[in-house]
Amino acid sequence: MKNSCSTVSTVLEKYFDQEVTDEEKLLVEGHLQECPGCRDALKSMEEFRILIKAPVEEATQKEDFPWVWQKIERGIRQQEKLTWWQSFRSWLDVTPLFKKRVWIPAVATVVVLLFVTTQIILKKTPSYPEVSVVEYIESQSDNVMVYQLEEPKVTVIWLFEGPEEERTTT
Amino acid sequence: MNREENEMISRCQQGDQEALKEIFDKYHEKVYRIAYGVVRQREEALDVVQDVFIKLFRSIKNFKGRSHFYTYLYRMVMNTAIDHKRKAGKQFMSSLDEEGSFEPSEEAEKGPERVLLQKELEERVKLAMDKLPDEQRAALIYRDVEGLSYQEMAEAMGCSIGTVMSRLHYGRKRMQETLKDYVKVHGQGRGISTVSER
């Protein structure tokens, strides 16, 4: 045996993958003629390759690919519908702050604050309660004006005794 | 990359769906083979193919032409398939007990059981592939299924040729070790061929 197995084994895998130089090819082929162990190793590699490849080839031959293309077209159409959302997302992704999704709790906090503030503003009691009923009675000496408020339930009687005097009774 | 392919890619980059169809017609089988090589399940492999081409249509603008288009595409397929596999998690686990060793019975070695035996061998191979680290599995699929050269593999995997050779070597070694109880290598036993020839 011209070359030992240990010398050839370093290039045997390259030989199997057809990646050897002409010189290495001669070296391996010369050795293989004389060494049944290395021939077996090579055959074993080939058989493992078949084990890996054969089911893949078989599955590929059975497949109906035009149907897959239709699914891809549908997928692209669906994606196009989402474009406005994606552009919003990409706009949000502009800053690293948004990228880290900090904007989700931030937006939630702003919304909650706005809601609370609005409630406080709306609940504020108006300085002049709405007058629902007004009655005005005139006489020779006095004039009387009657207000009736809905909320709170209050009746206001406004008595004018003269042009410059006035008195309020509740 | 030839002129025709350049033009096809350029049209696709401008949003031409017909150009994507042309890319699909040219590469779908290769994409499916890589996807199937990783996930080893029909439905899942088809989902990978679908995802890859939708993703490609969206991201092809990022392809600058510095590498071969097919290595760009293969890398995308490999990453998508690995993602699918991770997401699916245990769905991909084989029905066979992972730790259990399968030894064909004497009855099973006779004719009618051959198909079943072959199926079980495929399951064993799938398990052995699943056990490999992602890089070694990718190397085996690129080389043994797709027949890429070391140079093409290095481009697709973004590493040196030396790393490619190392990944291939250790991947093959691990496969042989994992399957040694079932498949006896030549010189030590009956050989793989005797299993398939039964």
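A residue is buried if 20 or more other C-beta atoms lie within 10 Å of its own. The exercises below use a predicted model.

**Exercise 1. Which elements make up chain A and chain B, and in what order?**

Solution. 
- Start with chain A. Seven helices and four strands are found there. Along the sequence they follow α-α-α-α-α-α-α-β-β-β-β.
- Turn to chain B. Nine helices and zero strands are found there. From the N terminus the run reads α-α-α-α-α-α-α-α-α.

**Exercise 2. Describe helix 3 of chain B: its span, its buried residues and their packing partners.**

Solution. 
- Compute the span. Helix 3 of chain B covers residues 42-59, which is 18 residues. The expected span is 1.5 Å times one less than the number of residues. That expectation is 26 Å, and the helix reaches 25 Å from first C-alpha to last, close to it.
- List the buried residues. They are B:Glu44, B:Ala45, B:Leu46, B:Val48, B:Val49, B:Gln50, B:Val52, B:Phe53, B:Leu56 and B:Phe57.
- Find what these residues pack against. Within chain B the partners are helix 1 (3-13), helix 2 (17-39) and helix 4 (69-88). Helix 4 of chain A is a partner too.

**Exercise 3. How many residues of chain A are in contact with chain B, and which elements of chain A supply them?**

Solution. 
- Count both sides. On chain A, 27 residues are in contact with 33 residues of chain B.
- Assign the chain A side to elements. Those giving two or more residues are helix 3 (36-62) and helix 4 (65-81) of chain A.
- Pick out the main contributor. Helix 3 of chain A gives the largest share, 15 residues.
- Sort by class. The chain A side has 12 nonpolar, five polar and 10 charged residues.

**Exercise 4. At what angle do helix 3 of chain A and helix 2 of chain B pack, and which residues make the contact?**

Solution. 
- Two packed helices are described by the angle between their axes and the distance between the axes.
- Read off both values. The angle is about 130° and the axes are 9 Å apart.
- Classify the angle. Helix 3 of chain A is therefore oblique to helix 2 of chain B. Their crossing is right-handed.
- Name the contact residues. Helix 3 of chain A uses A:Val56, A:Ala59 and A:Thr60. Helix 2 of chain B uses B:Glu29, B:Tyr32, B:Arg33, B:Tyr36 and B:Gly37.
- Sort the contact by class. It has four nonpolar, two polar and two charged residues.

**Exercise 5. Is A:Thr60 buried, partly exposed or exposed, and what does A:Thr60 touch?**

Solution. 
- Locate it. A:Thr60 lies in helix 3 of chain A.
- Apply the cut-offs. A:Thr60 has 17 C-beta neighbours inside 10 Å, so it counts as partly exposed.
- Leave aside neighbours within four places in sequence. A:Thr60 is then in contact with B:Glu29, B:Tyr32, B:Arg33 and B:Tyr36.

**Exercise 6. How does helix 6 of chain B pack with helix 7 and with helix 8 of chain B?**

Solution. 
- Take helix 7 (residues 150-157) of chain B. Its axis and that of helix 6 (residues 134-145) of chain B come within 10 Å and cross at roughly 140°. The two helices are therefore oblique to each other. Their crossing is right-handed.
- List that contact. B:Ala138, B:Ala139, B:Tyr142 and B:Arg143 of helix 6 meet B:Met153, B:Ala156 and B:Met157 of helix 7 of chain B. By class there are six nonpolar, no polar and one charged.
- Take helix 8 (residues 161-178) of chain B. It packs with helix 6 of chain B at about 95°, with axes 8 Å apart. That makes helix 6 of chain B roughly perpendicular to helix 8 of chain B.
- List this contact. The classes are five nonpolar, two polar and five charged.

How values were computed: Residues numbered from 1 in each chain as written. Chains lettered and ligands numbered in written order. Predicted model: local features only at pLDDT ≥ 70, side-chain atom pairs only at ≥ 80, totals over all residues. Axes fitted to C-alpha atoms, helices over the stretch in contact; angles between N-to-C directions. Parallel < 35°, antiparallel > 145°, perpendicular 65-115°, else oblique. Left-handed = near helix turned anticlockwise from the far one by under 90°. Contact = placed C-beta atoms within 7 Å. Nonpolar A, V, L, I, M, F, W, Y, C, P; charged D, E, K, R; others polar. Buried ≥ 20, exposed ≤ 12 C-beta atoms within 10 Å, placed from the backbone.
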